[in-house]
Amino acid sequence: MVVEHTCGFKRDIYCRECGTELIQNPRGELLCPKCGRRPAILCPHCGKLW
Ligand SMILES: [Zn+2]
Ligand SMILES: [Zn+2]
């Protein structure tokens, strides 16, 4: 699943723990559907927290 940051940057991102593709909740936060983690990732485009 391609997730989109608030700045418009799009990419598919994988969980560092289990390798599952991350999904995005309605608030735009990243979430791993397998292990339930909310990984803190900086957007490589704008540098802000995803
Ligand atoms: Zn995971
Ligand atoms: Zn961004």
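Biologist: Where does Cys 18 lie?

Modeller: Cys 18 is placed in the loop that runs between strand E2 (10-11) and strand E3 (23-24). Strands (E, at least two residues) and helices (H or I, at least four) are DSSP runs, numbered from the N terminus. This is a predicted model, in which local features need pLDDT of at least 70 and side-chain atom pairs count only at pLDDT 80 or more, while totals for chains, interfaces and linings use all residues. Residues are numbered from 1 along each chain as its sequence is written, and chains are lettered from A and ligands numbered from 1 in the order in which they are written.

Biologist: Why is Cys 18 called exposed?

Modeller: A residue is buried if 20 or more other C-beta atoms, placed from the backbone, lie within 10 Å of its own, exposed if 12 or fewer, and partly exposed in between. Cys 18 has 11 other C-beta atoms within 10 Å, and is therefore exposed.

Biologist: Which residues is Cys 18 in contact with, leaving aside its neighbours within four places in sequence?

Modeller: They are Cys 32, Lys 34 and Cys 35; contact here requires that the C-beta atoms of two residues, placed from the backbone, lie within 7 Å.

Biologist: What makes Val 3 partly exposed?

Modeller: Val 3 has 19 other C-beta atoms within 10 Å, so this residue counts as partly exposed. Val 3 belongs to strand E1 (residues 3-4). Beyond its neighbours within four places in sequence, Val 3 has contacts that include Arg 11, Ile 13 and Leu 22. From C-alpha to C-alpha, Val 3 and Leu 22 are 7.8 Å apart, although 19 residues apart in sequence.

Biologist: Why is Thr 6 exposed?

Modeller: Thr 6 is exposed because 10 other C-beta atoms lie within 10 Å. Thr 6 sits in the loop between E1 and E2.

Biologist: How do you know that Arg 37 is partly exposed?

Modeller: The count for Arg 37 is 16 other C-beta atoms within 10 Å, and Arg 37 is therefore partly exposed. Arg 37 is located in the segment after strand E4 (30-31). Its contacts, apart from neighbours within four places in sequence, are Cys 15, Glu 17 and Cys 32.

Biologist: Which pattern does the chain follow?

Modeller: The pattern along the sequence is β-β-β-β, with zero helices and four strands. Of the 50 residues, 8% count as buried.
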